[in-house]
Amino acid sequence: MLRPYLTSAKRSRGVFLVVGSIAAVSCENSVASSDESVASIVVEPASLSLTPGAARAINATLLNETGARLPNDGVYWSSANPLVATVSDRGVVTAVGVGKTEVAASKSGKSAIAQISVSTPPAALVRVSPTTSTVLVGGRVTLSAEVFDAGGAIIVGHQVSWSSMTPNIASVSARGVVTGVSPGNVVIAAIAAGLTGTAVVTVQPIPVATIMVSPTSGTVAVGASLQLSASLLDATGRVLTGRPVSWSSADPNTATVSNNGLVRGRAKGTTVITTTSEGKTATATIVVP
């Protein structure tokens, strides 16, 4: 604001002559007038490193030709690749997917660019689900693996490799499908980002569905013998091998039966020979004449 002040005065020929000096006092403002042209834009920070889902604001400063700040309004924000990061009309950058992009602040034909890098956070844990499961020999169960960061958030995009600690009990495919090979317990491992998660799979034998005895009836003289045999079948009718079988006689005084199904006549009469396996039974009628 300019303020004139009088320093001296004298009268000459009826006219007052004023000799003075003018001192100017100026008040400087940190922000220039809003109608000045934008000469340049400065963004801060000029680069950001984020993880998916994280957000952070970028500030844009408008400057005139003398470097004075202009009012920070009317800035247009844009992202070169919204699939990597988006930006709001206030400069808030939100990471979307892994990759790199640029975020620009623009006004009056001037712009400034911030470099944005989005990367996955370090992995801290690999978890396999389910942690325990049961499958029959020849059957299948599918496992899944998830990778977590230190904060417990799921990290996507990591390659997972699978392995079986005991392949002769169960095998596992590249997609986590476990196939039972023989009865027993096996540890299945999922490896991702240098970390390992495990699950225990129990492989059980295919259950016996029915037993067939041959012959189903027979005659054996006193002191003579007759061999019986038992065939164990699953639900599809396939013969099962390697299963324990027990034998018993309803009347050992008439005929006895050994552990391998050999019947011996002891005295005249009739008895029933029973074979049992995994809770299933079958019988044969034996006559001792």
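Analyst: Happy to! Buried means under 20% relative accessible area, exposed means over 50%, and partly exposed is what falls in between, using a 1.4 Å probe and protein chains only. This is a predicted model, where local features need pLDDT of at least 70, side-chain atom pairs count only at pLDDT 80 or more, and totals for chains, interfaces and linings use all residues. Residues are numbered from 1 along each chain as its sequence is written, and side-chain values use heavy atoms, with hydrogens and water left out.

User: Why is Ala193 called partly exposed?

Analyst: Its relative accessibility is 42%, and partly exposed covers the range between the buried and exposed limits, so Ala193 gets that label. Ala193 lies in the loop between strand 21 (184-192) and strand 22 (195-204), and its phi is near 55°, a positive value in a residue other than glycine.

User: And what makes Ser108 exposed?

Analyst: Ser108 has a relative accessible area of 55%, and exposed asks for over 50%, so the label holds. Its phi is also near 55°, positive in a residue that is not glycine. Ser108 is placed in the loop between strand 11 (99-107) and strand 12 (110-118).

User: How do you know what counts as a strand, and how many strands are there?

Analyst: Helices (H or I, at least four residues) and strands (E, at least two) are DSSP runs, numbered from the N terminus. By that rule the protein comes to 0 helices and 32 strands.

User: What makes Lys107 and Asp73 a salt bridge?

Analyst: A salt bridge needs a side-chain nitrogen of Lys or Arg within 4 Å of a carboxyl oxygen of Asp or Glu. Lys107 and Asp73 are at 3.2 Å, N to O, so the pair qualifies. The two belong to distant parts of the chain, 34 residues apart, with Lys107 in strand 11 and Asp73 in the loop between strand 7 (69-70) and strand 8 (76-79). The structure holds 3 salt bridges.

User: What are the other pairs?

Analyst: Asp234 pairs with Arg238, the closest N and O atoms being 3.3 Å apart. Arg243 and Glu278 meet at 2.9 Å, N to O, and this pair links distant parts of the chain, 35 residues apart.

User: Why is Val141 called buried, and what does Val141 touch?

Analyst: Its relative accessible area is 16%, and the limit for buried is under 20%, so Val141 is buried. Val141 sits in strand 15 (residues 140-142). A contact means heavy atoms within 4.5 Å, and leaving out residues up to four places away in sequence, Val141 touches Ser133, Val135, Gly176, Val177, Val178 and Val201.

User: Last one: where are the cis peptide bonds?

Analyst: One runs from Glu44 to Pro45, with omega near 0°. Another runs from Ser129 to Pro130, with omega near -10°. Pro45 is in the loop between strand 3 (40-44) and strand 4 (47-50), and Pro130 is in the loop between strand 13 (125-129) and strand 14 (132-136).
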